[in-house]
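Morning, everyone. I have one structure for you today. Please take a look at the sequence and the model before I start.

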Amino acid sequence: MRRPTIVDIAKAAGVSKGAVSYALNGRPGVSDRTRERILTIARDLGWVPNGPARALAPGGLVGAVGMVVDRPASELGAEPFFTRLVSGIEAELTGSGVDLLLQVTADVESEAAAYRRWAAERRVDGVVVVDLRESDHRTELVRELPLPAVVLGGPEGADGLPCLWTDDAAVMHEVVHYLAALGHRNAVQVAGPECFRHTGARAAAFAEAAREAGLKSAATVHADYTGDEGTRVTRRLLAHRDRPTALVYDNDLMAVAGLGVAAEMGIPVPDELSIVAWDDSVLCRLVRPSLTAVSRDVEANGAQVARMLTRLVAGEPVHAVESTRGELVPRDSTGPLTES
């Protein structure tokens with residue numbers, strides 16, 4: 001069906017296009033009674049404002065915010081984190097008249113191109129920037145465009161942009177000391193890609209906490225968050241003669257894959273191997289044994305970052321906010337080490 005236009009509304013209401021424009025944009029020029037009649041007809045016809053057209057007006061907003069995720073689409077379909085994050089953003093935006101424009105890109109250059117296109121075409125009023133990198137030019141780019149932006153991560157590396165950040169280091173210390181109390185002295189962190197700042201923060205905290213707790217051996221290996229890579233890395237680690245007795249994974253998907261490898265190799269969990277997942281999800285609760293996990297309210301973080309961005313777009317001052325710290329939730333995949 002053809003999208004209703006201002007002309008259609010004017011014909012149905014028996015008024016001029018100018019009168020319809022005044023009514024729809026809340027400007028003086030029509031009586032309250034006529035305005036109400038025009039708005040009612042517009043609703044009945046299913047008319048919705050054209051975002052790019054609205055943006056042409058001084059101070060106009062298109063009624064959309066954007067988020068670009070630079071990860072392979074196949075990964076995003078399996079990893080619960082971004083599904084929960086988007087769910088939180090959408091829940092906050094519902095009923096506000098603001099839409100979320102989500103784009104998946106395959107590399108950094110494509111992500112930058114998406115920001116430039118959105119700014120040039122006035123497709124969005126602002127963006128959420130995720131996965132801060134060690135050398136990240138996106139913060140400089142959104143300033144230059146200019147494109148209002150809120151960073152999910154930081155505060156280091158956010159370049160002064162408003163950000164919602166989490167103290168991952170404190171939680172990692174808790175995880176490592178918990179494993180040490182269970183008798184583990186040989187632990188490995190299966191981390192995400194080295195390019196991400198949150199990966200570096202967690203890895204540094206893992207090493208520091210291991211020294212504090214007196215672990216004999218503590219190492220970090222990097223993977224890509226996928227189940228396939230989690231499987232390959234875990235199989236390699238558990239094939240060593242002096243294999244680790246505790247594994248801490250940077251996401252739930254890799255942890256589930258690691259649990260499967262342990263079963264495949266006949267290594268009982270948690271008697272000879274304890275496993276901890278970062279970011280609790282339904283996956284962690286459905287597998288057997290259920291996975292000990294660091295639980296974060298990802299949906300709440302999505303809602304918070306959406307609120308921060310809509311306030312920023314509206315011209316309100318927005319500053320860095322620390323989100324609620326993650327909580328270690330012990331389950332059946334961790335326990336006192338039983339010597340084989």
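**Aromatic pairs and the overall chain**

Let me start in helix H7, residues 108-120. Tyr-115 and Trp-118 both sit in this helix, three residues apart, which is about one turn. Keep in mind that this is a predicted model.

Are Tyr-115 and Trp-118 buried or exposed? Both are buried.

Now the rings. A pair of aromatic rings is described by the distance of the centres and the angle of the planes. Searching the whole structure turns up three aromatic pairs. One of them joins Phe-81 and Phe-82: the ring centres are 5.1 Å apart and the planes stand at 85°. Planes over 60 degrees apart count as edge-to-face, so that is what this pair is. Phe-81 and Phe-82 are both buried.

Next, the whole chain. How many helices and strands does the chain have? The count is 14 helices and twelve strands. The C-alpha atoms fill a box of roughly 85 × 35 × 30 Å along the principal axes.

On burial: of the 340 residues, 49% are buried. On contacts: take those with a separation of 6 or more, and 68% of them link residues 24 or more positions apart.

The surface, then. The accessible area is about 16,100 Å², and carbon and sulfur atoms hold 53% of that.

Last, charge. The chain has 36 positive and 46 negative charges. Their mean positions lie 8 Å apart.

That's my tour. Thanks.

Notes:
Residues numbered from 1 in each chain as written. Predicted model: local features only at pLDDT ≥ 70, side-chain atom pairs only at ≥ 80, totals over all residues. Heavy atoms only, no water. Helix = DSSP H or I, 4+ residues; strand = E, 2+ residues; numbered from the N terminus. Buried < 20%, exposed > 50% of the residue type's maximum accessible area, 1.4 Å probe, protein only. Contact = heavy atoms within 4.5 Å. Areas by Shrake-Rupley, 256 points an atom, 1.4 Å probe, with all protein chains shown as cover. Lys, Arg positive; Asp, Glu negative; His and termini not counted. Charge placed at Lys NZ, Arg CZ, Asp CG, Glu CD. Phe/Tyr/Trp six-rings, centres within 6.5 Å; stacked < 30°, edge-to-face > 60°.
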